[in-house]
Amino acid sequence: MAAEELTLSSHIQHHLTNAKMCSTDAGLAFNKACADSGFWTWHVDTLAWSIGLGLIFLWIFRSAAKKSTTGVPGKFQCFIEMIVEFVGDNVRDTYHGNSKLIAPLALTIFVWVFLMNLMDLIPVDFLPAFAGFVGETAFGMDSHDVYMKIVPTTDINMTAALAIGVLILMIGYSIRIKGIGGFIAELTLHPFSSNNKVAMIFLIPCNLLLETIALVAKPFSLALRLFGNLYAGEMIFILIGAIGLMQLPLHFIWAVFHILVIVLQAFVFMMLTIVYLAWQVQKIATNNL
């Protein structure tokens, strides 16, 4: 029984481990050799799949733009136009400022996150087993030491990187509209204020603490929400994959339900990004009244 539990535990651990690359005194090292490498460890599978899927997104939409026609559109053009119009309608309903960046940003976030989430529908043993086979036959490695985590959004580093991007945009929009001085005043003079200068001096640290927490919490809640939902879904797929021959029917049943999660999480990430940017613009406008 202990051996069976150990086997299941090692199976789960293997599927949840990223392929790592790091720099050591001896040069570049991979996977287990990076156990003590610290912060500067690259998750090469997350980077490869996320960048690759981003390039696929660009290629698909560029191909649609080049082949677009003003006449009767084909099915491919109709599909792309439906996505663009869907995103555009949500942007217009949510963001009431003037910006040429918001709509392309929303489209990029929605499609890119969707494609990364979509990798969760590939049977969990397929690509990791293929990577292990290549590592064993081509490089003489032990297949159990070859890792391949194919869903970038199940890596907290990826979702945190997306969140940092959103945070930078929020700060950038505040500085662009109100200036550095206005951005600092926004963090230090609200929500508590007083006409008494001495009282205001004591209120500034409280305002700074509250506003900084509010600013940082919004994008990072995006990261944790996306990571948590996709990680949980991937864990269920791994557990289904561990049962053997029955995994494909159960995988299909769970995948049908998980399609909703995949689309919904991409949509939520897109919408909340727009809402947070719109909130910054609205907040600035309100403070100027």
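A disulfide is a pair of cysteine sulfur atoms within 2.5 Å. This predicted model holds one. The bond joins Cys 22 to Cys 34, with an S to S distance of 2.2 Å. The torsion about the S-S bond is about -95°, so the disulfide is left-handed. The pair links distant parts of the chain, 12 residues apart. Cys 22 sits in strand S1 (residues 20-24), and Cys 34 lies in the loop between strand S2 (27-30) and strand S3 (41-43). Helices (H or I, at least four residues) and strands (E, at least two) are DSSP runs, numbered from the N terminus.

Residues are numbered from 1 along each chain as its sequence is written. Local features need pLDDT of at least 70, side-chain atom pairs count only at pLDDT 80 or more, totals for chains, interfaces and linings use all residues, and side-chain values use heavy atoms, leaving out hydrogens and water.

Now the exposure of the cysteines. Buried means under 20% relative accessible area, exposed over 50%, and partly exposed in between (1.4 Å probe, protein chains only). Cys 22 is buried at 2%. Cys 34 is buried at 4%. Cys 78 is partly exposed at 30%, and Cys 206 is partly exposed at 39%.

Next, a helix pair. Helix H2 (residues 44-67) and helix H4 (residues 102-118) have axes that come within 9 Å and cross at roughly 125°. Axes are lines fitted to C-alpha atoms, for helices over the stretch in contact, and angles run from 0 to 180 degrees between N-to-C directions. Ser 50 and Phe 57 are among the H2 residues that meet H4, where contact means heavy atoms within 4.5 Å.
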